[in-house]
Amino acid sequence: MLIRRPLLYIAPAAIAALTVVFLARFQQLGPYGLYLQDFVEYWSAGHLNASGQNPYDPDLMFDLETKLRPDLGEPVMMWNPPWTLALAMPLGLLPCHVAHLLWLIFSLTILLVGSDFLWRFYGGIPRYRGISWFIALSFTPTLLVLEMGQITPLILLGLIGFLFFERNGRDSLAGACLALAAIKPHLIYLAGLAILFWVVERRRWSIFLGAGTTLVVATAVAVIFNPSVLNQYWYSLTHRPPERFYSPTIGTYLRLLLGPEKFWLQFVPVVLGLGWFAWYWPRWRRVWQWSEQLPVLLLASYLTASYGTWPFDYVVMLIPVMIMAVRVVENPRAGIVVYAGVSYLCFNLLASWLRTFSYEYHHWSIWMTPMLILMYMTLAKPGTNASGQVRQNASC
């Protein structure tokens, strides 16, 4: 026992150290260093806003981005809300490749530590917590989000923080964490709606206070440097929406069927999601537990999202995936273990194969949410966790 306990801390530290070395080496690949991918949009937008310029202007973004990536054929735009700039500006004040390496290390830390936390939060057997590290590093969306330098790990961090502080009665901090999740509000819109209903019903007003204060402060930071940023964001959203990108959503397939120019079709599935929520909320509101309801709401949000749900956005799905892993380990029947292992392997292999296609075919990844829903319904069944607490069913 005296030997095992230090290993619980040494093992993840060793994994993290080796991965940092790998990232530092990986960053040197390519004719211009690591290809920066989507990180270039966050760095450029942060740099522009910090200097009082329009971070949502495609010409300004393109001029700055081509200095970093001469191979770019068009600007990589940031459509995230202005409060995101409070996080992007410190990056934009650093040399781009330094900021990128720090961003990769930070993102990897969120994914490793977050997965370990989720394992323990959902009652995973401590001696098997290494499974959470394996999942964090083998989950294809993890590799994609690091490769792309995407901002989605912050959404995962926000949701984990909400779960932790809500369970411990720290409502103001729980609300503050939700501000991180609001970086891509379209991905978690049903969770946000449930939080609204739940706070009103339970009168947990401090959550509103924490979220609102954090968003106002973050937005104010962006406005101080660029007083016109709110108008600039609104103009970009209404005049230059990301309509040419086909994200893996039901709305995209409606556009492909009825007319790609009809961008409003992207929002039709949201109506279905709201209808589902109108049925789901009354059924569970009296026995609501965020630990059980959040993964269901995330799966439903991704299934009916208006936009996004790119393969790298699925790092948020580490929450339901970790629940499945915990419950399989607690009830390791041969058939269940084989089914879970094969399903997980197929999910990752297929997602890895699809990443070899160009961006215009990424809507083929629409299968990812339905497959996770099927896995969750069959693997995250009600049971008893390691602490002897009976779980409630949260099937979709």
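The search finds 1 cavity of 30 Å³ or more, where a cavity is a set of points on a 1 Å grid over the protein atoms alone at which a 1.4 Å probe fits but cannot get out. About 40 Å³ of space lies in this largest cavity, the volume being the space filled by probe spheres set on the points, which are joined across faces, edges and corners. This is a predicted model, in which local features need pLDDT of at least 70 and side-chain atom pairs count only at pLDDT 80 or more, while totals for chains, interfaces and linings use all residues. Residues are numbered from 1 along each chain as its sequence is written, and side-chain values use heavy atoms, with hydrogens and water left out.

Lining residues, which have an atom within 4 Å of a point, include Tyr-42, Trp-103 and Ile-151. The largest share of the lining, 3 residues, comes from helix H4 (residues 85-92), a helix being a DSSP run (H or I) of at least four residues, numbered from the N terminus.

The structure also holds 25 aromatic pairs, in which rings of Phe, Tyr and Trp (its six-membered ring) have centres within 6.5 Å, and planes under 30 degrees apart count as stacked, over 60 as edge-to-face and the rest as tilted. Phe-347 and Trp-367 form an edge-to-face pair, 5.4 Å centre to centre with 70° between the planes. Because Phe-347 lies in helix H17 and Trp-367 in the loop between H17 and helix H18, the pair ties together parts that are 20 residues apart in sequence. Phe-347 is buried at 1% relative accessible area, and Trp-367 also counts as buried at 19%, where buried means under 20%, exposed over 50% and partly exposed in between (1.4 Å probe, protein chains only).

Turning to charge, the whole structure has 8 salt bridges, each a side-chain nitrogen of Lys or Arg within 4 Å of a carboxyl oxygen of Asp or Glu. The table gives some of them.

| Salt bridge | N to O | Apart in sequence |
| Glu-292 and Arg-327 | 2.8 Å | 35 residues |

Glu-292 lies in helix H15 and Arg-327 in helix H16, so this pair ties together separate parts of the sequence. Glu-292 is buried at 5% relative accessibility, and Arg-327 is buried at 7%. Asp-313 and Lys-184 are buried too.

Key:
On a 1 Å grid over the protein atoms alone, a cavity is a set of points where a 1.4 Å probe fits but cannot get out, and a pocket is an open set with protein on both sides within 12 Å along at least five of seven lines; lining residues have an atom within 4 Å of a point. Helices (H or I, at least four residues) and strands (E, at least two) are DSSP runs, numbered from the N terminus.
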